[in-house]
Amino acid sequence: MSDYMFTLESHLTGEQYRVVTQVQKAAHEAGLSLYLTGGAMRDITGGFPVRDLDFTVEANPAKLIKSLLKTSGAEVVSEDEKTRSTELKFPGGVTVEIAMARIEKFAKSGAKPRVAAATIYEDLLCRDFTINAVALSLNKASLGLLIDPSNGMGDIERHELRTIHNYSFYDDPGRLLRLFRLKVRLGFNVDERTRSQVENATEAGMLEKISTESLGAELRNMAREAAPHDLIKVLEEEKLLELYSPALAAGKIDYATLMKLQKAHQLVPFGVDFEIKHLPLFLECLFEKLNAKDKAAAMKAAGITRGETGALEKLAPAAKKLDKALQSAKLQKASSLYELLVSTPGEHILHLAVFSGQRIVQDRIKHYFQKYLPMSLEVTDEMVAAAGAAPGTPKFKKLKHEMILKHLDARPKKVAPPPEPPPPPPPMSGFARGSAVRRS
Ligand code: ATP
Ligand code: MG
């Protein structure tokens, strides 16, 4: 096995690795060349947790996607016809993007590029930063071969963010926001030449060329970041918040709330399938100090949809309801608290972790994340199958849930006390000794 295939296996979660092998098998059967790329490769080789798996196929991946939908229970989350990229969610919560290898040509700064099919090598050279432009072959003939035309591996080792070519920010000025988001997320430095490219592009007015669509996409990406406080701080320093809201840029940022959100993210154990809509929660915290007019202007600048606005409006009232429910005396048993929270949208729970002033609510949320959710993972699919349900069926899901509830309420098994030590021998007085001898 190549070193990289080994790193892949040892670094991904069990669920993620299973998905890689499923996609690999389906691509092989469809006769398609498949590569693991983008953030997934960066995070595996850099030792960061992998959020989603990015695959690139050297052809139209439609056949592969069709076969995966049929065989794996995956669902489509979104599709982009132009780039032929599809986001899928697999059972167990693993998210995957499968895209066609492509060249992108930008006729105008910030405009949509012209897209054409390409080889993996050409595709990598059209990406944003060198650390995101590494591919691992998952094809039988070249399994484990690394393709790294811009020496991304060197930059991952050096912890440096570097553009692939001098006009990167002119082609797609949205990359300016991506750059600082990645800098905060990974804790990398911006390479010196890239830093001057940022300055040149900014002086040339490239910030104004960032499309509303691109601003919205980045805001949605920011909302998923684990360190929103640190990220907003850097964006403020880089004078990039103006792009969304002059009021925010003028200092109306509630850093204390953003720090609470950052801490709330840390409560969620890595690797659990935790359903959450990040955007409304992030916006609620980010816009905490803005008035209604400034909020509306910021949402317009980012092209926030009606559905997203609706989700934001509903969040606080829904969290308030949950706040009440979490104070109930009926939640003494671990299983009752688990049952309530496992079926509650994640953003409602984290909203309370940020905003609730009730001690009991905060404690119960902590117990759920730190005790009950990790305990629920101790009930494995193998255990449920052994109890007689077929994986993938509704019966399986129901039985697993019941087994988890039972497991949560089971008292920890008492370790059997060691056997009573034999009574100490009687004192060695002449009388006792004598009597003992007499009795035997
Ligand atoms: P994450 O962990 O947030 O998913 P990521 O780097 O994988 O990080 P994605 O948005 O999933 O981010 O994008 C996948 C890959 O597509 C990136 O790693 C990069 O190679 C490429 N990419 C994304 N956005 C751009 C862009 N604006 N310009 C060029 N390449 C991009
Ligand atoms: Mg990704």
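Visitor: Is Gly14 buried, partly exposed or exposed?
Guide: Happy to start there, with a predicted model in view. Gly14 is found in helix H2, which covers residues 14-29. Buried requires under 20% relative accessible area and exposed requires over 50%. Because Gly14 has 46% relative accessibility, it counts as partly exposed.

Visitor: How far apart in space are Gly14 and Gly271, C-alpha to C-alpha?
Guide: In sequence, 257 residues separate Gly14 and Gly271. In space, their C-alpha atoms are apart by 9.5 Å.

Visitor: Helix H2 also holds Gln16. Is Gln16 buried or exposed?
Guide: The cut-off for a buried residue is under 20% relative accessible area. Gln16 has 6% relative accessibility, so Gln16 counts as buried.

Visitor: Which residues are in contact with Gln16, leaving aside its neighbours within four places in sequence?
Guide: Contact here asks for heavy atoms within 4.5 Å. With the neighbours within four places in sequence set aside, the partners of Gln16 are Val50, Arg51, Leu53 and Val94.

Visitor: Let's turn to Glu218. Is Glu218 buried or exposed?
Guide: Glu218 sits in helix H10, residues 212-223. Its relative accessibility is 4%, and therefore Glu218 counts as buried.

Visitor: Which residues gather in a patch of negative charge on the surface?
Guide: One member, Glu97, lies in strand S5, residues 95-100. Glu97 counts as partly exposed because its relative accessibility is 33%. A patch residue needs over 30% relative accessible area and no salt bridge. The patch is formed by Glu79, Asp80, Glu81 and Glu97.

Visitor: Now some backbone geometry. What is phi of Arg84?
Guide: Arg84 is placed in the loop between strand S3 (75-80) and strand S4 (85-89). Arg84 counts as partly exposed, because its relative accessibility is 33%. Its phi is positive in a residue other than glycine, with a value near 45°.

Visitor: What about Lys239: what is its phi?
Guide: The loop between helix H11 (228-237) and helix H12 (246-249) contains Lys239. Lys239 is exposed because its relative accessible area is 54%. Although Lys239 is not a glycine, its phi is positive, at about 60°.

Visitor: Let's step back to the whole chain. What percentage of its residues are buried?
Guide: The chain has 22 helices and 11 strands. Its C-alpha atoms fill a box of roughly 110 × 60 × 45 Å along the principal axes. Of the 440 residues in the chain, the buried share is 44%.

Visitor: One last question: how far apart are the centres of the positive and negative side chains?
Guide: The accessible surface of the chain comes to about 23800 Å², with 54% of that belonging to carbon and sulfur atoms. As for charge, there are 61 positive and 55 negative side chains. The centres of these two sets are apart by 8 Å.

Methods:
Residues numbered from 1 in each chain as written. Chains lettered and ligands numbered in written order. Predicted model: local features only at pLDDT ≥ 70, side-chain atom pairs only at ≥ 80, totals over all residues. Heavy atoms only, no water. Patch = residues over 30% accessible without salt bridge, like charges linked within 9 Å, V, L, I, M, F, W, Y side chains within 5 Å. Areas by Shrake-Rupley, 256 points an atom, 1.4 Å probe, with all protein chains shown as cover. Salt bridge = Lys/Arg side-chain N within 4 Å of Asp/Glu carboxyl O. Lys, Arg positive; Asp, Glu negative; His and termini not counted. Charge placed at Lys NZ, Arg CZ, Asp CG, Glu CD. Helix = DSSP H or I, 4+ residues; strand = E, 2+ residues; numbered from the N terminus. Buried < 20%, exposed > 50% of the residue type's maximum accessible area, 1.4 Å probe, protein only.
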